[in-house]
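Reader: Please take one part of this model and look at it closely. Then show me how the rest is put together. Keep it brisk.

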Amino acid sequence: MRSTAPATDRLPIRGAGRRPARVRPYSVTGGRTRFTQVLHVETFVAACDTRASEPQRPEPEDRMPEMPAIVEVCRRMRTIAEISALLKLPLGVVRVLVSDLADQGRIRVYGTGHGPGRPERALLERVLSGLRSL
Amino acid sequence: MVFAVSDPPACAQALADEPVQPWQYDRSRAPVAVKVLVAGGFGVGKTTFVSSVSEIAPLRTEAVMTQASAPTDDLSGTPDKSTTTVAMDFGRVTLADDLVLYVYGTPGQKRFWFMWDDLVRGAIGGIVLADTRRLRDCFPALDYFESCGLPYAVAVNHFEGSDAYEPEDVREALAIPPHVPVLIMDARRRDTVVESLATLVGHALDATPEP
Amino acid sequence: MRKILVVGAGQSGLQLALGLQAKGFEITLMSNRTADEIRTGRVMSTQVMFDTALRHERDLALGFWERQAPRIEGVGVSVAAPDGSRPVDWLGRLKGYAQSVDQRVKMAGWLDVFVQRGGQLVIHGASVADLDYFSRAYDLVLVAAGKGELVSMFGRDAARSPYDAPQRALAVSYVHGLAPRPEHPETEAVRCNLVPGVGELFVMPTLTTSGRADILFWEGLPGGPLDVFQGVGDPAEHLALTLELMEKFTPWEYARAAKVELTDAGGTLAGRYAPVVRNPIGRLPGGGLVLGVADVVVANDPITGQGSNSASKCAASYLSSILMHGDKPFDEGWMKATFDKFWFTTGKPVTQWTNAMLGVPPEHVLNLIGAAGQLQPVADRFANGFDNPADFDTYFYDPEDAQDYLDEVVSSAGPSAGSGAPEAE
């Protein structure tokens, strides 16, 4: 296993040597609790309301009529990109609406389960062993 | 970037027929989600690659963009209000009950780089899918991955009837540094797709410092 | 509460978002990068902001770095001769100081403040179809992401865009360890070094992520001897090239650069773009309208350092137009009037001056620049034109106006006019 690339072909890494800022999912300021997490395409979210049969109704604070549909499709664990694909909604719209729904407590954002940067070694080793046992 | 499904019946079908994994109903916790990008020119086999390994029918999304878009350092100033649509497919592989890999196939042209900035955030790495008959098509993907320091591997999708090349020939033609993996594969065959992914993850591991 | 979407977290987008937020608007801010990615990323600009632009920030209580950032008291102009001498070399004094705060520091800080104050920040690189939806969900959509996919929604205004290709190749390096100019060791200044037929070197102090620094900024005529930075990936090589060119073309600046080192791995930037004025109103496929802000609509070459100044002025102008509009809909007529107010006050004079500076200077401009070496009021007026480019209208463009102005300065200054010492003021 190579430990480092030769200096000549190593590229400058953005933010190399700096520690990523601690990620706080919510900031309680400005008089309200606000969801502030970065929503990656692979970030997991799910509806908080587990009653499976009740159809979602629009809420008065809904920014857009698509919001109940997002809650509906999130009755099982979904990623941001899945919601976008399944509901035919632009990714940016999904991000804004999921952020709204998280603020309202109707959606729980689970995240990706790892930090904001590249996955660390232990995780990569798990992925590699998972692939090898497919 | 805008994603919307281009083919509604396929979408509905995907929603209905999707094989459900146990973790999808466990709302006490979510699995860890990791992702890999597959980039290359049109027709190089990105969709096939994703389909071969995905446990669900790949979800097809579209990025609608204006045609005149240009990268940051090359603003042409050419006006063009018409829009163009770019398909992006992604698939899913459950590696353990608490670990899921997503594979995103993304178009390789330089004008889509603005989309990649979003996709590379937190990614394990990228696979540059190459077709030896149109090797030029993968230059932008190589440039992009190199410029942002993302670990990448080159997978040469061998098409029947095209000349067979050795990995080292391709490495030389593409000026790939010696430590970057180059392999010959067939995007239709799941085993070679899995091998490509494993090669990339192994390379990313090599490039990740010990804690 | 009126809902506004601001796309883009640069000078104009954040200044507008924070200004509107303070006035009680419900703001969603869309940025393609997080505060931390901005902070640890690559430099974006040289961002020297002059008095008026700084005052707009102070009005919103956003000048958080004012105490730490170097105070730029003057603008110097030096013209290089082929033998390495300086036939023109003077320093104009600014009425109010200017400051440069690295946008990595400022934008990251402002983003954090926006969120701390309860703003909704969504990390996403917006595209046309996003905006198609959002134009229905928000009372107003402002596009302030000047570099990226969205700008192509705004058609080029050919009548206001004399150039269709980049006029300069740009290369920026942020360095620590630059010595002061020995002529004025106590005076921080923007130094404009003009190399006729080749390009310009601008040197200016800034506050960056690692404290006080200086920016070395080459603007090279495309295809000329300074157009050598494209494809240089290694920051150290970029700086070495910068210094090599300084030694060759501006030895007096090279002389104070003996000990410079890059501030960080993200401290260099190279690129080029064509100056352009666009139609300010973007029409979405679904019929909705969005309003372009600052360099989305008016993108000038950085040769006059007006990008961040125009951004601040545009944000202030749009903010007042939004506040004045009350509860009425932000329709096409309002958008046009809002842009026109900015254009005629700021955009047009900046564009005219910048495009003039990109061309080969006519004789009367050379005379003005030369005379400023003997006539301090001329140097001071030129320097303060960076703060208010509309001032150039009355003396800079027309040979007769220029001569009338010089005659007036000479006659009012009397016999002592030749001393030219900045201390004379």
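Author: Two residues are in contact when their C-beta atoms, placed from the backbone, lie within 7 Å. Keep that cut-off in mind, and remember that this is a predicted model.

Which of its residues are buried? They are C:A53, C:L54, C:H56 and C:E57. These four span an arc of only 150° around the axis, so they lie on the same side of α3(C). C:R58 and C:D59 are on the other side of α3(C), and they are exposed. What covers the buried residues? The cover includes α1 (11-22), β3, β5 (88-100) and α8 (307-324) of chain C. Just past the helix, C:A61 has a positive phi of about 55°.

Now place α3(C) in its chain. Chain C is split into three parts: domain 1 (3-62 + 103-163 + 277-357), domain 2 (72-100 + 167-271) and domain 3 (363-424). The centres of domain 1 and domain 2 of chain C, taken over C-alpha atoms, are 28 Å apart. Contact between these two domains of chain C involves 19 residues of domain 1 and 24 residues of domain 2. On the domain 1 side, the elements of chain C that give two or more residues are β3 (48-49), α3 (51-59) and α4 (103-116). That brings α3(C) back into the picture, as one of those elements. The class count for this side of domain 1 of chain C is 10 nonpolar, 4 polar and 5 charged residues.

Next, chains A and B. Their contact uses 47 residues of chain A and 46 residues of chain B. In chain A, β3 (44-47), α2 (80-86), α3 (91-103) and α4 (121-132) each supply at least two residues to the side that touches chain B. The largest share of that side is from α4(A), with 10 residues. Sorted by class, the chain A side has 23 nonpolar, 11 polar and 13 charged residues.

Stay with α4(A). Its 12 residues should span 16 Å at 1.5 Å a residue, and its end C-alpha atoms are 16 Å apart, which agrees. Buried in α4(A) are A:L123, A:L124, A:V127, A:L128, A:G130 and A:L131. Their arc around the axis is only 160°, so they sit on the same side of α4(A).

Three strands of chain A form an open sheet in the order β4-β3-β5, with antiparallel pairing.

One last stop, in chain B. B:P181 lies in the loop between α5 (167-174) and β8 (182-185) of chain B. Is B:P181 buried or partly exposed? It is partly exposed, because it has 19 other C-beta atoms within 10 Å. Leaving out residues up to four places away in sequence, B:P181 touches B:A153, B:T199 and B:H203. B:V38 is 143 residues from B:P181 in sequence, and their C-alpha atoms are 15 Å apart in space.

Terms used
Residues numbered from 1 in each chain as written. Chains lettered and ligands numbered in written order. Predicted model: local features only at pLDDT ≥ 70, side-chain atom pairs only at ≥ 80, totals over all residues. Domains from an automatic or database assignment. Nonpolar A, V, L, I, M, F, W, Y, C, P; charged D, E, K, R; others polar. Pairing = 2+ DSSP bridges. Expected span 1.5 Å × (residues − 1). Buried ≥ 20, exposed ≤ 12 C-beta atoms within 10 Å, placed from the backbone. Arc of directions from axis to C-beta.
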